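Please open the model in your viewer and keep the sequence panel beside it. The stops below go from the whole chain to single residues.

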Amino acid sequence: AKSLFPALGPAGATGLRVVLAAALLLALFRPPVRALRRRQWVVLLPYGAALGLMNLSFYLALERIPLGLAVTLEFVGPLGVAVLGSRRAADFAWVALAATGILLLSPVAPGPALDPLGVALALGAGLCWGAYILVGGAVTRRLAHDGHGVAVGMAVAALVVLPFALAAGPRAPITPALLGAGLAVAVLSSALPYALELAALRRLPSRTFGILMSLEPVVATLIGFAFLGERLDPGEWVAVACVTLASAGATWTAGRVPPPAEA
């Protein structure tokens, strides 16, 4: 996705990815859109809006800060949901650990300064992720088929993102190669992960799944280093470790798992 930014910009890359993902999911699951009732649309619309804004904010953040740090900051969303409403001291300890990691990435922290807008956008993506998780629970309760909910939600997300993508406009002519890359991003970051996560959830205890999911900041940091040449200083690595441990710990003590972010 980040390789598309020079030609499409982050908003354009988001628009291409979400539109193609929506087309794929609608073709795959064929939701009965005309048969949906008002009580279902009431949750599908905010679900899709949260999904679209989450992806848009995240891609805008990726233009300004390294991949691993963007994922780390975005994890405030599922972490917040994991401890929401808790009154146990252990959960507050996990929040404090995550807050330490986030403070280490703040623009006022010692060491190389991160782009403040990039940090804010990544945190905004995290808030959208938290909303996505909370509304997603209502979607699963009001629609019998998970695939129908995510397909319609992705279509709503496409409608939310498209105005931003069109307003930004492409930075270079759109070629078949760009469309092919966009299709690959749609498959790799939407259709395929969604299918794999559902398969994993059927085979793994939810707590195990949640702890493995908490490794995302570390994996993203390693991917950014290996493929994008993004290097972190020691303090930033400590921040990634703090958020990863906090998310895994909160999942372990709460016994609850945030649903997949990138459906």
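Predicted model: local features only at pLDDT ≥ 70, side-chain atom pairs only at ≥ 80, totals over all residues.

Residues are numbered from 1 along each chain as its sequence is written, and side-chain values use heavy atoms, with hydrogens and water left out.

Of the 263 residues in the protein chain, 48% are buried, where buried means under 20% relative accessible area, exposed over 50%, and partly exposed in between (1.4 Å probe, protein chains only).

Switch to a cartoon, and the protein chain shows 11 helices and zero strands; these are DSSP runs numbered from the N terminus, with helices being H or I of at least four residues and strands E of at least two. Among contacts in the protein chain with a separation of 6 or more, 88% join residues 24 or more positions apart, a contact being heavy atoms within 4.5 Å.

Next, select Phe-58, Tyr-59, Leu-62, Trp-129, Tyr-132 and Met-154, which touch the most other members of the largest nonpolar core, a set of 58 residues. Such a core consists of buried Ala, Val, Leu, Ile, Met, Phe, Trp, Tyr and Cys residues joined through side-chain atoms within 4.5 Å. Among the elements that give two or more residues to this core are helix 1 (5-29), helix 2 (38-62) and helix 6 (116-142). A second, separate core of five residues includes Val-83, Ala-98, Ala-246 and Ala-250.

Which residues of helix 5 are buried? They are Asp-91, Ala-98 and Gly-101, and seen down the axis they fall within an arc of 75°, so they line one face of the helix; the arc is that of the directions from the helix axis to the C-beta atoms. On the other side of helix 5, Ala-89 and Leu-103 are exposed.

Finally, center on Gly-130 in helix 6, a buried residue with a relative accessible area of 7%. Leaving aside residues up to four places away in sequence, Gly-130 touches Gly-77 and Val-81.
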